[in-house]
Amino acid sequence: MNLILFGPPGAGKGTQAKIIQDEWGLVHLSTGDILRAAVAAGTDLGRRCKTIMDRGDLVTDDIVVGIIAERLDAPDCAKGVVFDGFPRTIKQAKELDSLLARRASAIDAVIELKVDDEALVGRIAQRKLETGGTRGDDTPETLRNRLEVYRRNTAPLLDFYAGQGKLRAVDGMAPISGVASEIRQVMEGLKA
Ligand code: AMP
């Protein structure tokens, strides 16, 4: 099974993706985590992406699609993947469909975590406290830009996936365990 967890920054995608990984054995693929690791390791890729990420802008489609293409060839991904933070543009979504089709696979569902804007600001502030501010993009100014980028480039994917009949919405304002159980129900429905 391949899932996309969809929602704005701070919606809880990473938290829920980890739960899905543990419960269902799917591989959690977060382009943000992979890029942050590249920045921390000081690789060529990391150096090219750091300033863009610190501003809260999107790195190029080619970079993230390349990362995903390479990762999907690893044997563990054959079990299925939960995508977190990817795709973020229509181009990425179309490329993902082709990458999966070439591997005789497809996206089964896109789960949207619905969260109010005001709650996002509070959650990002909380994450900053919990991580000791290790994410350079968890500042109020960058968050404003990340939300703007989300609305402009990423939110249009909701129509794209609704058109494919794959979009499912869950209440992302519920406590973590409540969101997880709603997602579980969606996934049980997919298996049935
Ligand atoms: P995230 O942890 O998913 O919020 O990602 C952190 C940052 O990494 C984003 O603000 C972007 O700069 C970059 N990034 C992560 N995923 C993507 C993507 N799919 N497309 C473009 N940029 C991305």
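How do the residues of the lining of the largest pocket divide into nonpolar, polar and charged? They comprise 21 nonpolar, 16 polar and 13 charged residues, where Ala, Val, Leu, Ile, Met, Phe, Trp, Tyr, Cys and Pro count as nonpolar, Asp, Glu, Lys and Arg as charged, and the others, Gly among them, as polar. This is a predicted model, in which local features need pLDDT of at least 70, side-chain atom pairs count only at pLDDT 80 or more, and totals for chains, interfaces and linings use all residues. Residues are numbered from 1 along each chain as its sequence is written, and side-chain values use heavy atoms, with hydrogens and water left out.

**Largest pocket**
- The largest pocket holds about 1100 Å³ of space; a pocket is an open set of points on a 1 Å grid over the protein atoms alone where a 1.4 Å probe fits, with protein on both sides within 12 Å along at least five of seven lines.
- Its lining has 50 residues (an atom within 4 Å of a point), and Pro 9, Gly 10, Lys 13, Arg 127 and Arg 135 are the closest to the pocket centre.
- Elements that each supply at least two lining residues include strand 1 (3-6), helix 1 (13-24) and helix 6 (117-131); helices (H or I, at least four residues) and strands (E, at least two) are DSSP runs, numbered from the N terminus.

**Ligand**
- The ligand takes the space of the largest pocket, as more than half of its atoms lie within 2 Å of the grid points.
- Around the ligand are 16 residues (a heavy atom within 4 Å), and Thr 31, Arg 36, Asp 57, Gly 85 and Arg 88 come nearest.
- Helix 2 gives the largest share of this shell, four residues.

**Polar contacts (N or O pairs within 3.5 Å)**
- A ligand nitrogen atom lies 2.9 Å from a polar backbone atom of Gly 85.
- A ligand oxygen atom lies 2.9 Å from a polar side-chain atom of Arg 88.

Definitions and conventions: Points joined across faces, edges and corners; volume = space filled by probe spheres on them. Polar contact = N/O pair within 3.5 Å; in protein donor to acceptor, adjacent residues only side chain to side chain.
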